[in-house]
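Thanks for coming, everyone. Please take a look at the structure on the screen, and then I will walk you through it.

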Amino acid sequence: MLNCPRRGLVMAMPSDIEAKTRATPPVASPMPDAETEARRFINPSGKLLQPVTKAWAPPEQLERLYHAMVLTRAFDEKAIALQHTGRLGTYPSSLGQEAVAVGIAAGMAAEDILLPAFREHGAQLWRGVAMLELLLYWGGDERGSDFKKARVDFPVSIPVAAHFPHAAGVALALRLKATRNVAVCVGGDGATSKGDFYEAINIAGAWKLPAVFVVNNNQWAISVPVHAQTAARTLAQKAVAAGIEMDRVDGNDVLAVLDAVERAAARARSGDGPTLIEAVTYRLGDHTTSDNARRYRSDEEVSRHWIEEPIARLRAHLTNTGYWTKEREEDLHSQCSAAVEEAVAAYLATAAESPSAMFDHLFATLPAPLKRQCDLATAEATSHD
Amino acid sequence: MTEITMVEAVNLALAKAMAEDNRVLVLGEDVAADGGVFRATVGLLERFGSGRVRDTPLAETAIAGISVGLAAQDFRPVAEIQFTGFIYPAIDQLVNQASRLRNRTRGRLSCPMVLRSPCGGGIHAPEHHSESPEAMFAHIPGLRVVIPSSPRKAYGLLLAAIRDPDPVVFLEPTRLYRASKEEVGDDGVALPLDRCFIERTGTDITLIAWGAMMPETLAAAAELEEGGISAEVIDVATLSVLDDDTIIRSVTKTKRCLIVHEAARNGGFGGEIAARVAEACFFSLLAPVSRVCGYDTVMPLAKLESHYIPSVARIGKAARHLMEYA
């Protein structure tokens, strides 16, 4: 028998092939073309590029959207501060992506069902989930999941894209119940690499289900940029393989997101099947409070994207039209800040939950062997008091 | 009453459940026009229509995931995974989603779904068609795992699983599908979940098995009887949530315990039962709690499967060995 030393399998790749296989970012600022251009209503300097639908054109309506985005950001800042001071668990910031979350929720009917990923705080708040509930959930308290409103919306999906098939199931249920409601599912750019995503959009297409799938393309899946995630020129084009409608919008423009969701939902309601929407935005913050994005991307890149961010853009538009004033801006900030502080005070004053909460909703009725464990956990907790 | 096979009993229970509750849907690969590769769903499409009996694309994650979505909307999906060898892409949906939905919404949403799948060896099927992965599922909190061992059990337990408000993995041993016939009244009466069944009473040793190992275990008990050994035989039926009271009462009485399963021994569900018996019956036991299982090998191809699956002889020999301790 030959006495061979173990040889590694990793050898030098011919340099021409190596250069071709390396994931490289697309050339900076490519000329927009019909295939990759993202639709928008308002540009970064606040200029209106096309007329807004009648329902959303009044400034009071735009103010609602603006308010929701400012509130989302105020909540976000506070949540990060709470985490940094040890009073909240790991938290995923939605900084810079407020237009995606708010636009999605504003484009839905109240009776539609939202299936969020974990960065859509703004959508949850719009749909009636309480800030206190969000704080409880991200603070590790089970009671935060017991939404008083939006009770049939899905909880956040921490495993990436696992909820996309749920949206297909919910959409089938809505169809079988002969409603005109739709399931609206949100995931990140990383989600589009998963089998769950493809299985779900494929089956939704095959069955023409009333579902809207929105990809919050914030350019980064933790540390992996979207160009290393896929060779597809856009994420929207993944709809082609599933045979469903696609749309690609500027995710920093709340009106564009809203419009795309409304159009997709209308198609779904009238039996024309699902749509995949790609909302192109940017994750201005870290992935979560446990992440440090400086390890893998430059400050310069982040600064460049601050120019595009959604709140300043809508504020510029509202100011340009003469509707918005400095006083109103200040009032809004105090109002949002007060709402956040009230929720935080209630959160911090919430009494500890009983260990029996682990057992309360495991099954509809707790089986006897688990009842014994529940009694044990409760007794243990009492003996420690 | 007519005598029917186990696969016919599965079909009968599905039809009964669909007839009594229009929220019950059947979905999976080839379940509609083809009636399922084992014909478990035959005739359902004709009777209940394509809205409620649906062929899915070939996508196990989606089959399980769609069922979660349907169940959250108050439907009662009964999904089929064609063989347990192909169930693994659906496991994320069971572990992270179906089993947790009630808990992680504090009961706002729930997941009354059944995932049926043919399991086990002994029918000379191709590779990846003969596995017994029940222990994996039994390890998932919030999920029930049920395995029938006869036509009557299949009918009653499947009805119970479909009516249950929480998710159930229902594993159907392929070897038993057409192995024998039994009279099954289509009376809509369910058998209880979370309950072990004493199939034969005895005083000297408790033999514990489930699913396709029940016929071998009962045959071993009959042989032991001829040798003067009185064996009590328990069909576990619901692995999770386990009715350990019935098991512990029996072993306290017989003072000996032998667990039989087809799955590999390492990490098998027999280990869990053995631990609970050891904890509860320590002072009653006259012999070590023992197991007869599949080997800790990959499930072999068809020609060796009879060597892998515990035989009547292996069970009998192990039981007689336990009798020699005292």
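Start with Ala150(A). Ala150(A) is buried, because 21 other C-beta atoms lie within 10 Å of its own. Here is the scale: buried takes 20 or more other C-beta atoms within 10 Å, exposed takes 12 or fewer, partly exposed falls in between, and C-beta atoms are placed from the backbone. This is a predicted model: local features need pLDDT of at least 70, side-chain atom pairs count only at pLDDT 80 or more, and totals for chains, interfaces and linings use all residues. As for labels, residues are numbered from 1 along each chain as its sequence is written, while chains are lettered from A and ligands numbered from 1 in the order in which they are written.

Where does Ala150(A) sit? In the loop between α5 (131–138) and α6 (164–176) of chain A. Helices (H or I, at least four residues) and strands (E, at least two) are DSSP runs, numbered from the N terminus. Ala150(A) is not a glycine, and its phi is positive, near 50 degrees. Most residues other than glycine have a negative phi, and most peptide bonds are trans.

Next, Lys208(A). This residue is no glycine, and its phi is positive at about 50 degrees. Look for Lys208(A) in the loop between α7 (195–206) and β3 (211–217) of chain A. Buried, exposed or partly exposed? Lys208(A) is partly exposed, because it has 16 C-beta neighbours inside 10 Å.

Now step back to chain A. It has 15 helices and seven strands. Of its 385 residues, 44% count as buried. Its C-alpha atoms fill a box of roughly 85 × 70 × 50 Å along the principal axes.

Over to chain B, and helix α9. Residues 213–226 form this helix, 14 residues in total. The expected span is 1.5 Å times one less than the number of residues. That gives 20 Å, and the end C-alpha atoms of α9(B) are 20 Å apart, which agrees. Its buried residues include Met213(B), Glu216(B), Leu218(B) and Leu224(B). What covers the buried residues of α9(B)? Among the elements are β9 (197–200), β11 (231–235) and α13 (312–323) of chain B. After α9(B) comes Gly228(B), with a positive phi near 85 degrees.

One last stop: a peptide bond. From Ser240(B) to Val241(B) the bond is cis, with omega near 15 degrees. Val241(B) lies in the loop between β12 (238–240) and α10 (244–254) of chain B.

Methods:
Two residues are in contact if their C-beta atoms, placed from the backbone, lie within 7 Å.
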